Amino acid sequence: MEALYAACVGLMTTCGIFMMLRGHTFTLVMGLLMCSYAVNLFLFGSGGLTLDAPAILGQAKQHADPLPQALVLTAIVIGFAMTAFAVILAMRGRADLGNDHVDGEEPMDPLAKPSVPTQETK
Amino acid sequence: MKLVDHIAVLPVLLPFLAAILLILPPLQGRIQWQRSFAIAANLLLLIISVWLLVTINNQGIQVYALGNWQAPFGISLVADTMAALMLLLTSVLGLSAHLYACAGDDARGSFFHPLFMFQLMGINGAFLTGDAFNMFVFFEILLIASYALMIHGGGKQRTQANIHYVFLNLIGSTLFLFALGTLYGTLGTLNFADMADRVAYLPTEQLPLAKAGGLLLLAIFGLKAALLPLQFWLPRTYSAATPAVAALFAIMTKVGIYSIWRIHGVIFGEQAGELANMAQAWLWPLAFLTLAMGCIGVLASQSLRLLVANLVIISVGTLLMAVAINTEQTTAAALYYLIHSTLVAAALFLIAGIVQQLRGKAEDRFVTARKIAKPAFIGTCFFIAALTVIGMPPFSGFVGKALLLKSTIDQPQMAWFWGAILIAGLISLVTLARAGTTLFWRSQGNQVTSESTPALQIVGVVILLACFPLLVAFGGPVTELTQQAAAQLYQGITLTAGAM
C-alpha cells in the first residue's frame with residue numbers, strides 16, 4: 001500500500017511540475033492544482049498509513065494519528081481559496097495584457113518568419 | 001481571567017475584528033468613516049504592542065494556549081521580546097503607511113482598509129505563533145491580503161508584476177506544505193519548542209529526511225526574504241505597488257528572516273545534534289551574493305522606487321549574513337539593524353511616492369525634468385532618509401552598522417563581513433547622491449510643477465523619519481531590549497519546553 005500511495009503522490013507532483021513549467025497562466029493554475037492535491041495526500045500520509053483505524057480515541061483498539069487529518073483539512077481550505085484567487089488573477093491578466101503568458105507577452109520565436117504585425121493592441 | 005492574560009492574542013484578534021467590522025454595513029462604502037476607524041485601530045494596535053513589550057519585560061515570556069488546548073497538541077502563541085519588538089515595528093509601520101494611504105491612495109480601488117487590516121493580522125500572527133503549521137496558516141493570510149493589496153489601484157504594470165508575485169508564492173506555499181509534512185513525519189510534532197527538543201534524538205535513518213524538510217523550509221523562507229536565487233520578483237513587485245503598500249511590504253521580507261532565525265537559528269541550531277547549523281553552509285554564501293546582487297541592482301536602477309527596492313535586497317543580504325554567523329551578539333545587533341532598515345525602507349518608499357506625484361510625467365525616474373514646487377521639505381526628508389540608509393552618523397543606520405561590525409570582530413568571517421557591508425555602504429552613498437542631485441537640483445527651464453503634497457502623506461513620512469533620531473537617542477534601552485531578545489531566542493526554546 002505504501003509503495004502505491006507514494007507512487008501516486010510522486011506521479012501527481014511530476015505532472016503538476018510539468019504543467020507549471022509551461023509558462024501560461026492556465027496550465028500554471030492546473031499544475032498548482034495537481035501539486036496541491038499531491039501535497040494534501042502527502043500530508044495525509046505523513047502520520048503513517050493505517051487501515052480500519054478511526055482518528056478518534058476510544059473508538060477502536062488501534063487509532064490513526066488525527067493531527068495530519070486536521071492539517072489536510074486546513075490545507076484544502078487554504079488551497080481552494082488560493083486557487084480561486086489565482087484563476088481570477090489569470091483572467092484579469094488575460095484581459096489586461098492581451099495574452100495568458102506569465103511574462104505578459106509571448107516570447108519571441110527566433111525561427112519564426114517575419115510576418116505582418118497584427119492589429120491587436122491591448 | 002483578566003485581560004492581561006489574553007494580551008498575547010490581542011495583536012491578532014484586534015486587526016481581525018477591525019477588518020470584519022470594516023466590511024459590515026455601517027462602515028462599508030463610507031470612506032471617511034473607514035479611514036477614521038482604521039487609524040483608530042492602528043493606534044490601538046500600537047498601544048497594545050507597547051503594552052505587550054512592557055508585560056514581557058516585567059513577567060517574562062507569555063505563552064498563550066489557544067482554546068486552552070495544551071501544547072504540543074494544541075496551538076500556542078509565544079510572545080517573547082523578539083516577537084514583541086517585531087510587533088511594535090509592524091504597528092509603527094502600519095500606522096504611518098496607513099496615514100499616507102488615507103490621503104487618497106485608498107480610494108483608487110475597493111476594500112483597501114479591510115485588506116490592510118487582514119495583512120496586519122497575518123504579519124502579527126506569523127511573529128507570534130509557536131507552531132510551524134500555524135505559521136503556514138498566518139503566512140497564507142498575510143499573502144492573500146498582500147496579493148490583493150499589491151494589485152490595488154489596477155493597471156497593466158501592476159497586473160503583470162502581480163502574476164509573478166502570486167504564482168511564485170503559491171508554488172512556495174505548496175513546497176511549504178511538503179516541508180511541513182516531511183518534518184511532521186520525522187519529528188512527530190510541529191510545535192517549535194517540541195521540535196527543538198526532539199531534533200537532537202532523531203534516529204539515524206530519519207536524519208536525511210529531516211534535513212531535506214529543514215532545507216526545503218529554508219528555500220521557502222528564502223523566497224519570502226528574497227534570498228539570492230529567489231529575489232528576482234522583489235524589485236518589480238515593490239516598485240509596482242502603491243507607495244503605502246510598498247512601505248508595508250518592507251516588513252514582509254523581514255517575516256522570512258525572522259522565520260529563518262526561529263527555525264534554522266534555534267531549532268536546527270547548536271543543540272540539534274547531527275543536524276546542527278545545517279543551514280549555515282548555504283546561508284552564508286547566498287547571503288553574501290544577495291548583498292552583491294543588491295549592489296548591482298542599486299547601481300542599475302533607473303527610478304527611485306526601483307532603487308529603494310534594491311536597497312531592501314541589500315538590507316536582506318546584510319541581515320542574512322548576520323543570521324548565518326548565528327551568535328547571540330550578532331543576533332542582537334542584527335535585530336537593531338532590522339528595526340532600522342525596515343523603517344528606513346518604508347520611509348524611502350513613501351518619499352518616492354511623494355516625489356512621483358510632484359514631478360508630473362517624469363515621475364520618479366532619474367531624468368532632468370521641471371523644477372519641483374517646494375523642494376526644500378521633501379529634499380530634506382530624502383536627505384535624512386538617505387543618510388540613515390547609507391549608515392552615516394548621526395542617525396540610526398550608523399549605530400546599526402557599527403553594532404553589526406563590532407559584534408563580528410572575533411568571528412572567522414569578519415573580513416568578508418566588514419568588506420561587504422562597508423562597500424555596500426559606499427555604493428549606496430554614490431547612487432543616492434546621484435539620485436538626490438537628479439531629482440532635486442537638476443532641472444530644465446524655469447517652469448515649476450504645481451502639484452502639492454497632502455498633509456496626511458507628510459505626517460506618514462514624518463512619523464517614520466522621527467524614529468531615526470529616537471532610535472539613536474534611546475539607543476541604550478533599545479539595544480538592551482535587542483540583547484534580551486537575542487538571549488531569550490537562544491535559551492527560550494528549552495525554557496518554554498520546560499514549562500509545557
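Chain B of this predicted model contains 19 helices and four strands, where helices (H or I, at least four residues) and strands (E, at least two) are DSSP runs numbered from the N terminus. The radius of gyration of chain B, at 22 Å, is close to the 23 Å given by the globule rule for 500 residues, so chain B is as compact as a globular protein of that length. The radius is taken over C-alpha atoms, and the globule rule is 2.2 Å times the number of residues to the power 0.38. Along the principal axes, the C-alpha atoms of chain B fill a box of roughly 75 × 60 × 45 Å. Of the 500 residues in chain B, 62% count as buried; buried means under 20% relative accessible area, exposed over 50%, and partly exposed in between (1.4 Å probe, protein chains only). Among the contacts in chain B with a separation of 6 or more, 79% are accounted for by residues 24 or more positions apart, contact meaning heavy atoms within 4.5 Å.

Because the model is predicted, local features need pLDDT of at least 70 and side-chain atom pairs count only at pLDDT 80 or more, while totals for chains, interfaces and linings use all residues. Residues are numbered from 1 along each chain as its sequence is written, chains are lettered from A and ligands numbered from 1 in the order in which they are written, and side-chain values use heavy atoms, with hydrogens and water left out.

The size of an interface is often given as the accessible area lost when the parts come together. Between chain B and chain A, the buried area is about 2,800 Å², and carbon and sulfur atoms give 81% of that area. Buried area here is the accessible area (1.4 Å probe) that two parts lose on being put together, summed over both. In chain B, the residues that lose the most area to chain A are B:Phe167, B:Phe178 and B:Tyr184, together 24% of what that side buries. The contact involves 29 residues of chain B and 34 residues of chain A. Between the two chains, the count of salt bridges is zero, a salt bridge being a side-chain nitrogen of Lys or Arg within 4 Å of a carboxyl oxygen of Asp or Glu. Five residue pairs are in polar contact between chain B and chain A, both residues at pLDDT 80 or more. A polar contact is a pair of N or O atoms within 3.5 Å; within protein, one must be able to donate a hydrogen and the other to accept it, and residues adjacent in sequence count only if both atoms are side-chain atoms.

On the side of chain B that touches chain A, the elements giving two or more residues are helix H5 (132-150) and helix H6 (156-187) of chain B. H6(B) gives the most to this side, with 17 residues. By class, the side of chain B that touches chain A has 17 nonpolar, 10 polar and two charged residues.

Over all chains, the count comes to six salt bridges. One of them joins B:Asp364 and B:Arg305, with an N to O distance of 3.0 Å. B:Asp364 lies in the loop between helix H14 (328-358) and strand E3 (369-371) of chain B and B:Arg305 in helix H13 (residues 304-325), so the pair ties together parts that are 59 residues apart in sequence. B:Asp364 is buried at 1% relative accessible area, and B:Arg305 is buried at 15%. B:Gln356, in helix H14 of chain B, is in contact with B:Arg305, B:Glu363 and B:Asp364, leaving aside neighbours within four places in sequence. B:Gln356 is buried as well, with a relative accessible area of 19%.

Another salt bridge links B:Asp194 to B:Arg198, the closest N and O atoms lying 3.4 Å apart. These residues are four apart in helix H7 (residues 192-198) of chain B, and are therefore separated by about one helical turn. B:Asp194 counts as buried at 16% relative accessibility, whereas B:Arg198 is partly exposed at 37%. In chain A, A:Asp96 forms a salt bridge with A:Arg92, with 3.3 Å between the closest N and O atoms.

Note on methods
Nonpolar A, V, L, I, M, F, W, Y, C, P; charged D, E, K, R; others polar.
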